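Thanks, everyone. Please have the sequence and the structure open.

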Amino acid sequence: DASLLPLEKISRYGIQIGISGCAKRCGRHQHCDIGLIGLRTNQFGTTDMGARIYIGAEYSMEGSVGRELFEMVPIDQIRSVIELIVDEFEHSGCKTFESFSREILNRHSIEFIALWLLAKLETGSAAALSEIEGTEDLDDESRYETEKERILDSFQTSILRKGGDDSLADMRRGLIRRLWIRGEIDPDMAP
C-alpha cells in the first residue's frame, strides 16, 4: 500500500524502494536504497501485517547489498520508520541515498543504526546520525564499546536501559517491545 510510504520525499530525492511479498528476495529489496518485504507476523502480540526493512545497499558499483535493519516493523509504523530514515538522509547533506549508505550508514554496525532510529522514535530527539563518527576501522570489541558509548551519550540512558538491560541488542529489544508490541506475546520470542 503506497499510503504507507512518504512518497513525496522518496520522489523528491529519487530514493529507490524495493517492495516484495517474497522472502526469497524476488523483489531485490537488498539491491536498492530501502527494501521492504511485506509479511504477516504475530511477533507484536496479534497476527498482523508488517515489513522487514533493509538499508545500506551500494548497488551501482556492486559494492554491497542492503543490510537487514529490522526483522519486522508493524504495518502502522512503517511510514514513521521510513520517514526517520529519509530525515537522516536529508540531514546528512549527501547527494544520493547510495552515497548516504556509503558515507554514513555502512560506517556503523546495523545494530547501532537500528538502536539509533528506535531511540529517536522513542524520544523525538533531533540527534543526527551524520554527526556521529563512523566505527568501521575499529576491531569488533572496540566498535561495540564505542557505539554503545555514543548511543548512551546521545539519548537518555533511562530510556535505553529500562529493565536494566545493558547490551545494544537488549536495548534494541526493549525499545521494540515498548514501541511496537501490543497484547500478549510469547516471552520466548525475541523481537
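Start with Asp87, in this predicted model: its relative accessibility is 31%, so it counts as partly exposed. Its side chain meets that of Lys9 in a salt bridge, 2.5 Å from N to O. Asp87 sits in helix α2, residues 78-92, and Lys9 in helix α1, residues 7-13, so this pair ties together parts that are 78 residues apart in sequence. Lys9 has 21% relative accessibility and therefore is also partly exposed.

Next, Lys120 and Glu88. Their side chains also form a salt bridge, at 2.8 Å, N to O. Lys120 belongs to helix α4, residues 110-123, and Glu88 to helix α2, so here the parts tied together are 32 residues apart in sequence. Are these two buried or exposed? Both Lys120 and Glu88 are buried.

Asp170 forms a salt bridge with Arg173, with 2.5 Å between the closest N and O atoms. They are three residues apart in helix α7, residues 168-180, which means a separation of about one helical turn. Asp170, at 26% relative accessibility, counts as partly exposed, and Arg173, at 21%, does as well. The structure holds 12 salt bridges; the ones I have named are among them.

Now helix α5, residues 140-154. Its 15 residues reach 21 Å from the first C-alpha to the last, close to the 21 Å expected at 1.5 Å a residue. Which residues of α5 are buried? They are Arg143, Glu147, Lys148, Ile151 and Leu152. At the start of the helix, a side-chain oxygen of Asp139 comes to within 3.1 Å of the backbone nitrogen of Glu141.

Last, the chain as a whole. There are seven helices and four strands, in the order α-β-β-β-β-α-α-α-α-α-α along the sequence. The chain has 191 residues, of which 45% count as buried. Of the contacts between residues at least 6 apart in sequence, 55% join residues at least 24 apart. The chain exposes about 9,600 Å², and carbon and sulfur atoms supply 46% of that.

Notes
Residues numbered from 1 in each chain as written. Predicted model: local features only at pLDDT ≥ 70, side-chain atom pairs only at ≥ 80, totals over all residues. Heavy atoms only, no water. Helix = DSSP H or I, 4+ residues; strand = E, 2+ residues; numbered from the N terminus. Expected span 1.5 Å × (residues − 1). Buried < 20%, exposed > 50% of the residue type's maximum accessible area, 1.4 Å probe, protein only. Polar contact = N/O pair within 3.5 Å; in protein donor to acceptor, adjacent residues only side chain to side chain. Contact = heavy atoms within 4.5 Å. Areas by Shrake-Rupley, 256 points an atom, 1.4 Å probe, with all protein chains shown as cover. Salt bridge = Lys/Arg side-chain N within 4 Å of Asp/Glu carboxyl O.
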